[in-house]
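Here's a quick briefing to read with the structure open beside you. We'll go through a sheet, the helices on it, and some charged pairs.

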Amino acid sequence: MPVTAHAPGSVTIVFVPQDRDASLGVSFATAGGATATVEKGGAEASVSLNGRPVHIAPVTGVLDRLGTTATVRLETDVPIGCGFGVSGAATLATALAVNEVQTLGHDRDELVEASHRAEVAAGTGLGDVFVQERGGLVWNTGEGVKQIPRTDRIEYATYGGITTADVIGDDETIERVGRVGREALATLDPEGPLRDLFEASWAFAERTGLATERIAEDVREARRADGAATMAMLGETVVAAGTEGLLDHETRITPTGAELR
């Protein structure tokens, strides 16, 4: 029988890369995410996304790390490649489901770690699965991972993707992001109002040079509407708090992490 698991999406608003295989920063899990329905497969993995055959490197990578193959049917209701951590959510949901359907016997921490390593190896993420495993608002400023189960409403609009590997693979960009990110983490309060977090995040996005003019215009519009907005890392996507009907889509921070369904 197939087994289904769901993992929320995740949006990172400040990050500091650490040795190219992890990061510090502030992120939140989104109600929309990825669902994996997994059943036993043949000699090679078979993966589809929203009904179309695809190759998602971290998904096949986590199956390899778990020493198995499977037929994986993925569905997502958030934009792909636009800063919502779809690859991480798909990978984590796949790991949870295949562990159940194949009776592999791994505990949750092992599955999260395998998913994280698969993401790093594929160059698609530096820590999304740790947010998606927990849910809520998650941060690590250098003193360990912390979480609070927030449910704030978020509006968003997306204009396309930014390839994560292109950013984390560029030494000059990584140096600048790390320097500016450490300064941001030293001043922001992850437990404070979401608007304040978004304002601090936007200063980070501008100083790193990652922000685009389309995002900047939406941020200005959010401020004129008495809200706050920032850029999702990494995608040409703007997320806003304290606005009503300003942007095309809405979601919420979800306090629920990845789970079997």
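How many salt bridges does the structure hold? There are 17 salt bridges, where a salt bridge is a side-chain nitrogen of Lys or Arg within 4 Å of a carboxyl oxygen of Asp or Glu. Keep in mind that this is a predicted model, where local features need pLDDT of at least 70, side-chain atom pairs count only at pLDDT 80 or more, and totals for chains, interfaces and linings use all residues. Residues are numbered from 1 along each chain as its sequence is written, and side-chain values use heavy atoms, with hydrogens and water left out.

**The sheet**

- Four strands make up an open, antiparallel sheet, in the order β9-β10-β8-β11. Strands here are DSSP runs of E with at least two residues, helices are runs of H or I with at least four, and numbering starts at the N terminus; two strands pair if DSSP finds at least two bridges between them.
- At the edges sit β9 (228-231) and β11 (249-252), each pairing on one side only.
- On average, neighbouring strands of this sheet are turned by 30° against each other, direction ignored. For angles, axes are lines fitted to C-alpha atoms (for helices, over the stretch in contact), and values run from 0 to 180 degrees between N-to-C directions.
- Five bridges link β8 (residues 153-161) to β10 (residues 235-241) in the antiparallel sense, and A157 stands opposite V238 in β10.

**Helices on the sheet**

- Helix α7 (residues 194-208) lies across β8, β9 and β10, and runs at about 40° to β9.
- Helix α8 (residues 213-224) also packs on the sheet, touching β8, β9 and β10, where contact means heavy atoms within 4.5 Å. The direction of α8 makes about 5° with that of β10.

**Charged pairs**

- E155 and R153 meet through their side chains in a salt bridge, at 2.7 Å from N to O. E155 is buried, with a relative accessible area of 2% (buried means under 20%, exposed over 50%, partly exposed in between, using a 1.4 Å probe and protein chains only).
- R134 forms a salt bridge with E133, and their closest N and O atoms are 3.9 Å apart. R134 counts as partly exposed at 32% relative accessibility, while E133 counts as buried at 17%.
- R220 and E213 form another salt bridge, 2.5 Å from N to O. R220 is partly exposed at 32%, and E213 is exposed at 53%.
- Shared partners join E213, E217, R220, E221 and R224 into one salt-bridge network.
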